[in-house]
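My notes are below, in the order I made them.

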Amino acid sequence: MSEEKYVYKRGDSGLPAAAKPPENLPPKLPEAKNTAKTVKTNKRGRLWLVLLLACLVVFAVSAGVLVSYWLQYRAAQVAYDDIYAVAAPAAASGAGNGDFIFSEDIDFDALAKMNPDIAAWLQQPGTKINYPVVHGADNVYYLTHLFDGTSNPSGTLFIDSGNQPGFAGKNTIIYGHNMLDGTMFSSLERYQKQDYYAAHPTMQLTTPEGGCTVEIFAAFRASVEEDAWRTGFADDGDFAGWAAWLAAKSAIATDVEVAPGDRVITLSTCVNNDDDARFLVYGRLAETGAAQ
């Protein structure tokens, strides 16, 4: 039996007739992929990229803010170190903000040359409260300016502009910031605890006329709507009743009694994250002697 041979013809695919695909079929398409899944995956990847970039931006901005705050705090401390050297050059030499200033050491004449608004010096051993106190024309400027006039958010301790000079009124208000680095009046909020009061029952207030011990008798958090910042009183009885009201509201218990003829100071600072509240510390002024 003779073997049949396949004869190749022009245009033939080279396959036997039985193996050739039927004619007139549509062209074979590439295998379809799961495009929906691919699109979803791509979107997810882009979303994570956006979130990552957003986090990096937030981190960079936060880091910048923190660095800015640190630089401002540092600038304030350097400025006050210079002021300490002017106020008490012998005691302040190389000491920084410490327990080195006493009433007889403060050179108010030198401080007045730096800033004629100087009114007093307030210090409390064992804390960072060790600052000049000014009495300006308004209650705005010293919120953002240091004692030497430098613009800085630490500000300066200042007396309410409506108060009488020389702590002559029945109640003199001193304002100060509650700074995040613990400076200025940040430590006042610690008077919410009785044991803190027991360790810090007094402060020292020195004026050009003399020194006073501030005998703390009340401390509490107050709404800005409360009558906690009074400076005018009908008579001594009105003042004594107000002082008794303060003591009744106080977060701490003390043995300090405020007599009708006494003078007091109110130390007022903000409460972080609450614009409608302040923390207040009240002290009776007990004269200790003349400044030198």
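These entries go from the overall layout to salt bridges, surface, pocket and cavity.

**Ground rules**

I am working from a predicted model, where local features need pLDDT of at least 70 and side-chain atom pairs count only at pLDDT 80 or more, while totals for chains, interfaces and linings use all residues. Numbering starts from 1 along each chain as its sequence is written, and side-chain values use heavy atoms, with hydrogens and water left out.

**Layout**

I counted elements and got five helices and eight strands (DSSP runs numbered from the N terminus: H or I of at least four residues for helices, E of at least two for strands). Reading from the N terminus, I wrote down the order α-α-α-β-β-β-β-α-β-β-α-β-β. I then checked burial: 38% of the 292 residues are buried (buried is under 20% relative accessible area, exposed over 50%, partly exposed in between, with a 1.4 Å probe and protein chains only).

**Salt bridges**

I found eight salt bridges (a side-chain nitrogen of Lys or Arg within 4 Å of a carboxyl oxygen of Asp or Glu). One of them pairs E215 with R284, with 2.7 Å between the closest N and O atoms. E215 sits in strand β6 (residues 210-223) and R284 in strand β8, so this pair ties together parts 69 residues apart in sequence.

R284 also bridges to D262, closest N and O atoms 2.9 Å apart. That pair links distant parts of the chain too, since D262 is in the loop between α5 (236-249) and β7, 22 residues from R284 in strand β8.

D238 is partly exposed at 24%, and R230 is buried at 18%.

**Surface**

I noted a nonpolar surface patch made of L47, W48 and L51, with about 350 Å² of accessible area together. Patch members need over 30% relative accessible area and no salt bridge; nonpolar side chains (Val, Leu, Ile, Met, Phe, Trp, Tyr) are joined within 5 Å, like charges within 9 Å. The areas are Shrake-Rupley values with a 1.4 Å probe, and for residues only the protein chains shown count as cover. L51 is in helix α1 (residues 35-87) and counts as partly exposed at 41%.

**Pocket and cavity**

Both searches use a 1 Å grid over the protein atoms alone: a cavity is a set of points where a 1.4 Å probe fits but cannot get out, a pocket is an open set with protein on both sides within 12 Å along at least five of seven lines, and lining residues have an atom within 4 Å of a point. Points are joined across faces, edges and corners, and volume is the space filled by probe spheres set on them.

The largest pocket has a volume of about 330 Å³. Its lining has 16 residues, with L143, Y175, T269, C270 and R278 nearest the centre. Which strand gives the most to this lining? β7 does, with four residues.

I found one cavity of 30 Å³ or more, and the largest cavity holds about 50 Å³. Its lining includes Y73, Y131 and D181, and α1 supplies the largest share, four residues.
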